[in-house]
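Morning, everyone. Please have a look at the model on the screen, and then I'll walk you through it.

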Amino acid sequence: MLDKTFDPKSAEPRLYAMWEDSGLFAPRAATATDGAADAYSIVIPPPNVTGSLHIGHALNNTLQDILARYHRMQGKAVLWLPGTDHAGIATQMVVERQLAAAGNVGRREMGREAFVDKVWEWKAESGGTIVGQLRRLGASCDWSRERFTLDEGLNAAVRKVFVQLHKDGLIYRDKRLVNWDPHFQTAISDLEVEQKEVDGAYWHFAYPLADGVTYEHPIAFDEDGKATEYETRDYIVVATTRPETMLGDTGVAVHPKDERYAGLVGKVVTLPIVGRRIPIVADEYADPTKGSGAVKITPAHDFNDFQVGKRAGLPSLNILDAYARVTAADTPDVPAEYDGMDRFAARKAIVARAEEEGWLKEIEKTRHMVPHGDRSGVVIEPWLTDQWYVDAHTLAQPAIKAVEQGDTVFEPASYSKIYFEWLRNIEPWCISRQLWWGHRIPAWYDADGNIYVAETEEDAIAQAGGKPLTQDEDVLDTWFSSALWPFSTMGWPEKTEDLKRFYPTSDLVTAADIIFFWVARMMMMGLHFMDEVPFKRVIINGLVRDEKGQKMSKSKGNVIDPLGIIDELGADPLRFTMAILSGTRDIKLSKQRIEGYRNFGTKLWNAARFAQMNEARRVEGFDPANVQQTINLWVRDELTKAERQISSAIEAGRFDDAASALYRFVWNVFCDWYLELAKPVFQGSDEAAKAETRAMTAWTLDQTLKLMHPVTPFITEELWDKLAQEGAPRSESTLIGAAWPVLPDSYLDMEASADISWLIRTVSEIRSSRAEIGVPPGAKLTLALYNPTADIKALFDKHGELIQSLARLEAIEQVGEQPPGSITLLVGGASAFMPLKGLVDLDAERARLTKEIAAFESDIGHVNKKLGNPNFIARAAPEVVEEQREKLAEAEAGRAKQAAALARLDGVG
């Protein structure tokens with residue numbers, strides 16, 4: 001006999017070990033008849049080797065596992081390829097902190113080789129924690145093929161790609177602006193930049209016009225915005241949030257259609273402090289409606305200014321070093337007193353001097369977004385430096401075309417807009433990082449600065465004619481190796497069987513925020529090196545937020561730890577919750593919701609216990625095609641429809657629809673109604689009906705476990721194992737290796753469906769009426785049918801005993817007029833009466849319902865007042881407004897329900 005409850009703590013480790021030992025995580029062996037459609041492959045978005053399982057990982061990997069388990073049960077050769085990312089800056093930071101905490105020397109004192117050895121030691125001891133955590137979630141990856149973005153195979157692939165792209169002219173070295181982290185002293189990607197809103201100011205500086213130039217500046221305007229008063233100025237006002245960068249200004253920009261400054265274009269200003277003569281240029285970047293309409297241009301320290309500088313031919317002058325200190329290396333006109341000064345100290349000094357000398361016109365307080373390093377926490381500087389770049393524009397063109405013509409599709413399709421927008425406006429990709437942990441750039445330099453790019457140092461020396469060489473100190477951006485993930489992990493550049501069988505992959509499941517950082521780059525690299533898209537479909541999962549729709553963060557205290565949930569509730573409730581909520585961009589999650597879906601598993605477990613107690617066992621030779629009982633024909637019909645819905649939903653990547661169909665069938669159809677309808681059969685004297693229903697219950701339970709397995713693998717595998725001895729032996733020893741149910745159209749039965757649907761509707765209507773008017777649960781009533789039609793009467797005659805049992809009726813009779821003290825209702829398509837005499841205190845029930853209606857109306861009035869307030873709508877967070885709308889809908893539904901019950905009581909005859 002099954003235990004009273006499922007114990008995930010003891011079952012999950014045991015079941016996972018059994019799955020892993022079975023070898024079923026690996027693709028099945030190829031057969032002579034296999035075609036492309038017989039393989040299914042998916043590569044895991046590699047989590048950082050430093051990482052720990054968070055709720056986003058839980059969502060993403062649950063959805064991948066559903067796909068892998070489903071297609072495996074479909075009989076396909078499934079490869080779900082796992083691995084981790086070396087996470088350059090994150091890993092280096094972890095090890096540097098450990099060294100500091102232990103009182104050891106820093107990495108620079110230690111030296112590159114010794115430090116990298118130390119990181120490999122850390123990786124062997126502590127890295128990959130998340131791999132074990134993914135196992136706890138139930139991820140059925142082929143761990144025998146696990147890869148690491150810095151393993152030797154991927155290292156060889158990275159070197160080959162770099163060298164080939166360099167030969168093709170698609171990788172080059174250039175001096176451009178990058179996001180520079182002064183703490184780590186490295187360029188970082190946009191994804192590693194966190195925008196934070198901080199208190200700041202616009203400092204308005206007056207730059208004096210050179211050569212005695214003056215102009216008339218409007219200072220008063222009429223109602224139509226035309227200037228009515230002017231003043232003569234010998235300066236132009238610019239505003240900046242970063243005064244220290246003025247030391248590197250090489251121009252002032254005004255809009256070409258800004259009449260105020262039309263006569264100044266081509267003139268020169270004298271830059272305060274340094275005395276540099278810089279031109280006034282016309283450029284549409286300047287916005288006439290913001291500030292003075294004139295902007296200072298510092299091409300070496302602002303991305304927009306860099307573009308203006310290119311268009312206007314302005315020089316780019318670096319005034320900061322790698323530590324974000326002022327340097328006069330490029331700008332000898334910068335006074336010595338500023339050289340070596342920290343950027344923020346320089347800011348204070350420059351503002352003080354501007355105020356003292358009278359060219360500070362205004363300080364405008366503001367809150368604005370400032371870029372910070374997500375790891376270091378320091379303010380990021382746009383910095384002009386020599387880096388390696390990929391010609392992303394050229395590589396992007398085939399990637400754009402592939403999605404345009406449907407070689408790869410996005411699900412939902414709307415996410416393709418993000419993909420197209422980024423690729424059609426793509427900038428050169430900076431791929432070098434000033435770190436030690438990562439793929440070292442395969443480029444060497446001779447004493448004269450000549451560059452030799454090769455896969456090995458020996459090849460580079462040969463290119464250099466035997467001259468001594470020094471390898472580039474930088475490593476590649478982590479995203480560079482990740483861009484090769486779908487094919488490098490399958491053995492490229494070798495022509496492996498895995499590549500032949502599993503590339504291109506079938507699906508990629510990932511988040512929207514890395515469509516451009518990762519998805520687009522995999523598309524570019526896959527098409528360039530494999531001449532095929534890396535995946536046929538990209539499924540974008542939503543962002544998990546808290547129950548109010550707010551982003552989860554440790555500071556808010558609203559983070560849900562998936563490992564804590566698994567410890568307390570088990571993996572299955574978490575997985576089912578992730579699946580059923582996955583259909584929205586913003587997933588509102590609460591622990592209470594996960595607990596609710598644990599009850600779903602409990603419901604299934606109890607149903608299996610009920611089947612056991614009623615001797616529902618598999619029968620040798622049983623064929624569901626031959627059942628005759630109406631309830632068995634009906635459950636077969638419902639199961640067949642559920643299988644169609646679940647299969648098509650998973651195929652389409654609609655995991656929420658699949659989970660909803662499972663929930664409806666398991667909870668509402670099988671547990672709530674089929675087993676309820678089967679009870680009288682099990683307790684009855686018709687042995688043939690009893691035998692058929694027992695066999696049908698066992699068969700339906702087996703098919704249900706199969707349908708549920710991809711979403712809730714642990715509890716279903718445990719039930720499959722525990723019920724193995726119940727009746728005839730199965731041909732499938734494990735559920736993970738079982739075949740997906742494929743049920744024929746002949747199992748559909750419209751007549752049985754209509755028949756039982758009528759029965760369920762009738763019982764539900766009676767139960768609902770009893771509850772609404774406060775009939776005691778144990779009381780048995782009489783249902784009086786008012787002149788029913790022959791068809792309706794026949795249905796009541798056929799199912800009368802079941803209706804009486806399920807709806808707690810003493811009798812069903814036919815009348816020609818309303819009995820005294822009865823309420824009127826419509827039930828099963830017939831007008832009917834329900835006598836209440838002696839069962840319900842009508843006055844007390846009317847008072848209760850009236851009070852509840854008044855409470856609902858109070859709630860409705862309160863919420864309507866809020867929603868009718870424009871200030872509330874404008875200022876409240878969207879999730880708060882939505883919560884109020886949901887409250888309003890619930891209150892209105894509650895009021896309508898109680899009003900209907902009151903009307904029914906008022907109609908008592």
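Let's start with salt bridges. The count for this protein comes to 54. One caution before I go on: this is a predicted model.

Take a pair inside a helix. Asp-65 forms a salt bridge with Arg-69, and their closest N and O atoms are 2.7 Å apart. Why does that spacing along the chain make sense? The two residues sit 4 apart in helix H2, so about one helical turn separates Asp-65 from Arg-69. Are they buried or exposed? Both Asp-65 and Arg-69 are buried.

Now a second pair. Arg-367 and Asp-199 meet through their side chains in a salt bridge, at 2.7 Å from N to O. This pair links distant parts of the chain: Arg-367 is in strand S15, residues 360-373, and Asp-199 is in strand S7, residues 193-208. They are 168 residues apart. Arg-367 is partly exposed, with a relative accessible area of 44%. Asp-199 has 62% relative accessibility, so it counts as exposed.

A third pair. The side chains of Arg-433 and Asp-477 form a salt bridge, 3.4 Å from N to O. Again the pair links distant parts of the chain, 44 residues apart. Arg-433 belongs to strand S19, residues 432-433. Asp-477 is in the loop between strand S23 (475-476) and helix H13 (478-482). Both Arg-433 and Asp-477 are buried.

Salt bridges link Arg-28, Asp-34 and Arg-501.

Let's stay with charge, but move to the surface. Which residues make up a patch of negative charge there? Glu-547, Glu-882, Glu-883, Glu-886 and Glu-890 gather in it. Look at Glu-890. This residue lies in helix H28, residues 878-906. Glu-890 is exposed, at 58% relative accessible area.

Time to zoom out. The protein has 28 helices and 31 strands. Its C-alpha trace spans about 110 × 75 × 55 Å along the principal axes. Of the 909 residues, 53% are buried. Among contacts with a separation of 6 or more, 78% come from residues 24 or more positions apart. The protein exposes about 40,100 Å², and carbon and sulfur atoms supply 49% of that.

Now the interior. Find helix H23, residues 713-722. Which ones are buried? In H23 they are Pro-713, Phe-714, Ile-715, Thr-716, Glu-717, Glu-718, Leu-719 and Trp-720. What covers them? The cover includes helices H1 (8-22), H2 (55-73), H6 (129-137), H18 (571-580), H19 (591-613) and H22 (687-708). H2 is also the helix that holds Asp-65 and Arg-69.

Two single residues are worth a stop.

Ser-481 lies in helix H13. Its relative accessibility is 2%, so Ser-481 counts as buried. Leaving aside neighbours within four places in sequence, Ser-481 is in contact with His-86, Thr-149, Val-158 and His-439. Compare its C-alpha atom with that of Leu-154: they are separated by 7.6 Å, though the residues are 327 apart along the chain.

Thr-245 is in the loop between strand S10 (235-240) and strand S11 (251-254). With a relative accessible area of 3%, Thr-245 is buried. Not counting residues up to four places away in sequence, Thr-245 touches Thr-240, Lys-296, Thr-298, His-301 and Ile-319.

Last stop, the backbone. Glu-411 and Pro-412 are joined by a cis peptide bond, with omega about -5 degrees. Pro-412 lies in the loop between strand S17 (409-411) and helix H11 (416-424). The bond from Tyr-503 to Pro-504 is also cis, with omega near 0 degrees. Pro-504 lies in the loop between helix H15 (497-502) and strand S24 (505-511).

Then phi. Gln-185 has a positive value, near 55 degrees, and is not a glycine. Gln-185 is in the loop between strand S5 (171-181) and strand S6 (186-188). At 15% relative accessibility, Gln-185 counts as buried. Glu-615 has a positive phi as well, near 60 degrees. Glu-615 lies in the loop between H19 and helix H20 (630-651). At 41% relative accessibility, Glu-615 counts as partly exposed.

That's the tour. Thank you.

Notes. Residues are numbered from 1 along each chain as its sequence is written. This is a predicted model: local features need pLDDT of at least 70, side-chain atom pairs count only at pLDDT 80 or more; totals for chains, interfaces and linings use all residues. Side-chain values use heavy atoms; hydrogens and water are left out. Patches are made of residues with over 30% relative accessible area and no salt bridge: like charges are joined within 9 Å, nonpolar side chains (Val, Leu, Ile, Met, Phe, Trp, Tyr) within 5 Å. Accessible areas come from the Shrake-Rupley method with a 1.4 Å probe; for residues, only the protein chains shown count as cover. A salt bridge is a side-chain nitrogen of Lys or Arg within 4 Å of a carboxyl oxygen of Asp or Glu. Lys and Arg count as positive and Asp and Glu as negative; His and the chain ends are not counted. The place of a charge is taken as NZ of Lys, CZ of Arg, CG of Asp or CD of Glu. Buried means under 20% relative accessible area, exposed over 50%, partly exposed in between (1.4 Å probe, protein chains only). Contact means heavy atoms within 4.5 Å.
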